[in-house]
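Subject: Structure handover

Hello,

Here is the structure we spoke about, with notes on helix packing, pockets and a salt bridge below.

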Amino acid sequence: MNEEGIDVLKAVDIFSGLSEEQFDVICSVAKSKFVKKNTLLCSKGDDNRTMYIIKQGTMDVSVYTESGKELILSTLQAGDYFGELSMLDGEPVSANITSTTNGEIIFVHKEDFFKAMNLNPSIAFNVIHHLCSKIRELTDKAEDFALKDVYERFVRLLGDLSDEAENGERIVGTPLTHKSIALRIGSSREMVSRVMKELEVGGYIETKNKIITIKKKLPTAW
């Protein structure tokens with residue numbers, strides 16, 4: 001594992017609190033591989049015995065509704081990880097993971113992870129904290145789809161993905177097409193296009209090369 005990979009592992013919350021010796025154990029068993037854009041890394045229902053950490057690139061987490069419509073639950077970036085739930089409980093993978101860019105992932109197999117956890121019980125506490133965060137995240141997302149309309153979900157998405165710039169504006173650094181936004185908020189591409197067009201006309205947002213800049217506070221309703 002090179003220095004860059006070690007830095008990525010050190011930033012993973014599950015591995016926080018490890019001694020240098022214990023962390024070296026993780027590094028000694030972790031491996032990495034490159035992935036191409038549009039690679040399906042995990043399919044819902046797959047068996048899985050591995051935890052994956054993203055070193056470079058981005059990955060979409062998605063599911064399909066009963067009608068066959070794709071819904072993107074989240075987009076993972078460098079430092080994020082996936083596969084840990086099915087690795088821990090032995091149940092099938094709960095969502096599809098697809099690379100949206102070329103990238104590189106680090107992976108740790110279940111047997112090696114459990115050996116490290118047995119050597120350091122603090123990892124188990126970190127896992128519990130991580131699972132609690134996952135539950136809260138899913139609860140918030142379920143509340144959004146149950147209680148908020150398309151526009152409110154759109155505003156929430158921009159808020160989650162944007163960072164504040166020096167001039168007070170907010171910038172969504174991840175390129176987003178109207179289709180990808182629709183898949184994230186459970187809407188049609190046509191509806192997203194209508195909302196964005198009106199916000200652009202009103203001077204609320206600006207889009208260049210699929211990068212969205214929020215120029216001023218968005219209306220509370222549409």
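Contact here means heavy atoms within 4.5 Å. Please keep in mind that this is a predicted model.

Helix packing

By that cut-off, Val150, Arg153, Phe154 and Leu157 of H6 touch Ile181, Arg184 and Ile185 of H7. Five of the residues in this contact are nonpolar, two are charged and none is polar. The axes of H6 and helix H7 (residues 178–185) come within 10 Å and cross at roughly 110°. Angles of 65 to 115 degrees count as roughly perpendicular, and H6 and H7 are therefore roughly perpendicular to each other.

H6 (residues 150–161) also packs on H5 (residues 122–147), at an angle of about 150° and with the axes 8 Å apart. That makes the two helices, H5 and H6, roughly antiparallel. On the H5 side the contact is made by Asp140, Asp144, Phe145 and Leu147, and on the H6 side by Glu152, Arg153 and Arg156. The H5 contact with H6 has five charged residues, two nonpolar and no polar.

Salt bridges

The whole structure contains seven salt bridges. One of them joins the side chains of Asp60 and Arg184, at 3.1 Å from N to O. Asp60 lies in strand S4 (residues 59–64) and Arg184 in helix H7, so this pair links distant parts of the chain, 124 residues apart.

The largest pocket has a volume of about 1,300 Å³. Its lining has 44 residues, and those closest to the centre are Leu73, Ser74, Lys134, Glu137 and Lys141. H5 contributes the most to this lining, eleven residues. By class, the lining of the largest pocket has 20 nonpolar, nine polar and 15 charged residues.

The second largest pocket holds about 560 Å³ of space. Among its 24 lining residues, Asn38, Asp60, Ile72, Thr100 and Ser180 are the closest to the centre. Here H7 gives the largest share of the lining, four residues. S4, S5, strand S7 (96–99) and H7 each supply at least two. The lining of the second largest pocket divides into twelve polar, six nonpolar and six charged residues.

Cavity

How many cavities of 30 Å³ or more does a search of the whole structure find? There is one, and the largest cavity has a volume of about 30 Å³. Its lining consists of Thr75, Gln77, Leu161, Thr174, Leu176 and Arg184. Three of these lining residues are polar, two nonpolar and one charged.

Regards

Terms used
Residues are numbered from 1 along each chain as its sequence is written. This is a predicted model: local features need pLDDT of at least 70, side-chain atom pairs count only at pLDDT 80 or more; totals for chains, interfaces and linings use all residues. Side-chain values use heavy atoms; hydrogens and water are left out. Axes are lines fitted to C-alpha atoms, for helices over the stretch in contact, and angles run from 0 to 180 degrees between N-to-C directions. Angles under 35 degrees count as roughly parallel, over 145 as roughly antiparallel, 65 to 115 as roughly perpendicular and the rest as oblique. Ala, Val, Leu, Ile, Met, Phe, Trp, Tyr, Cys and Pro count as nonpolar, Asp, Glu, Lys and Arg as charged, and the others, Gly among them, as polar. On a 1 Å grid over the protein atoms alone, a cavity is a set of points where a 1.4 Å probe fits but cannot get out, and a pocket is an open set with protein on both sides within 12 Å along at least five of seven lines; lining residues have an atom within 4 Å of a point. Grid points are joined across faces, edges and corners, and a volume is the space filled by probe spheres set on the points. A salt bridge is a side-chain nitrogen of Lys or Arg within 4 Å of a carboxyl oxygen of Asp or Glu.
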